[in-house]
Amino acid sequence: MCESVVPTFIPHRDHIMGFEQYHEPAHELSSETRTFARMIASLTEEAEAIGWYEQRISLEQDRQAKAIMQNAQKEEMKHFGMDLEFLLRRKPLWRATLEGILFTTGDIVEHGDEAEEAAG
Ligand SMILES: [Fe+2]
């Protein structure tokens with residue numbers, strides 16, 4: 001999240017950012033798994049921010065305010081993409097599946113089913 005821009009966007013942020021992101025005892029998890037959990041939490045927060053900006057932008061009447069929020073939303077999408085890429089570099093099977101879905105045209109569900117089948 002761009003905390004300087006959207007600090008109030010995250011209800012229960014302290015709750016999420018503390019230890020609640022773990023569903024297993026944190027001390028039993030590897031460093032890699034804890035990092036993975038943090039990145040999943042970050043991905044979720046970026047997605048939420050993108051959605052919140054979408055709603056605010058749709059209602060905003062001030063042209064400049066709208067442009068600023070559109071710029072911020074674009075940043076959140078970039079952060080979402082970086083989070084996703086981080087995760088995909090650690091999960092080759094996920095990458096193989098998403099390669100069959102992302103940046104394609106045509107029926108998304110069909111591509112998803114085919115990609116899942118092809119990835120194994
Ligand atoms: Fe962000």
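In this predicted model, helix α4 passes helix α5 in a right-handed crossing. The protein has an average pLDDT of 89, and 84% of its residues score at least 70.

**Helices α4 and α5**

- Helix α4 spans residues 92-99 and helix α5 spans residues 108-119; the two pack at an angle of about 140 degrees.
- The axes of α4 and α5 lie 7 Å apart.
- Because angles over 145 degrees are needed for a roughly antiparallel arrangement, α4 is classed as oblique to α5.
- On the α4 side, the residues that meet α5 are Leu93, Ala96 and Thr97; their counterparts in α5 are Ala115, Glu116 and Ala119.
- By class, this contact of α4 with α5 consists of four nonpolar residues, one polar residue and one charged residue.

**Leu98 in helix α4**

- Leu98 belongs to helix α4.

**Helices α2 and α3**

- Helix α2, formed by residues 31-59, packs with α3 at an angle of about 155 degrees.
- The distance between the axes of α2 and α3 is 9 Å.
- Since an angle over 145 degrees counts as roughly antiparallel, α2 is roughly antiparallel to α3.
- The contact of α2 with α3 comprises 15 nonpolar, four polar and seven charged residues.

**Confidence along the chain**

- Helix α3, residues 63-90, has the highest mean pLDDT among the elements of the protein, at 98.
- The lowest mean pLDDT among the elements, 48, is that of helix α1, residues 13-17.
- Residues 3-9 have a pLDDT below 50, and this stretch makes five contacts in the model beyond near neighbours in sequence.
- Over residues 11-15 the pLDDT likewise stays under 50, and the model shows one contact for them beyond four places in sequence.

How values were computed: Residues numbered from 1 in each chain as written. Predicted model: local features only at pLDDT ≥ 70, side-chain atom pairs only at ≥ 80, totals over all residues. Axes fitted to C-alpha atoms, helices over the stretch in contact; angles between N-to-C directions. Helix = DSSP H or I, 4+ residues; strand = E, 2+ residues; numbered from the N terminus. Parallel < 35°, antiparallel > 145°, perpendicular 65-115°, else oblique. Left-handed = near helix turned anticlockwise from the far one by under 90°. Contact = placed C-beta atoms within 7 Å. Nonpolar A, V, L, I, M, F, W, Y, C, P; charged D, E, K, R; others polar. pLDDT = per-residue confidence, 0-100.
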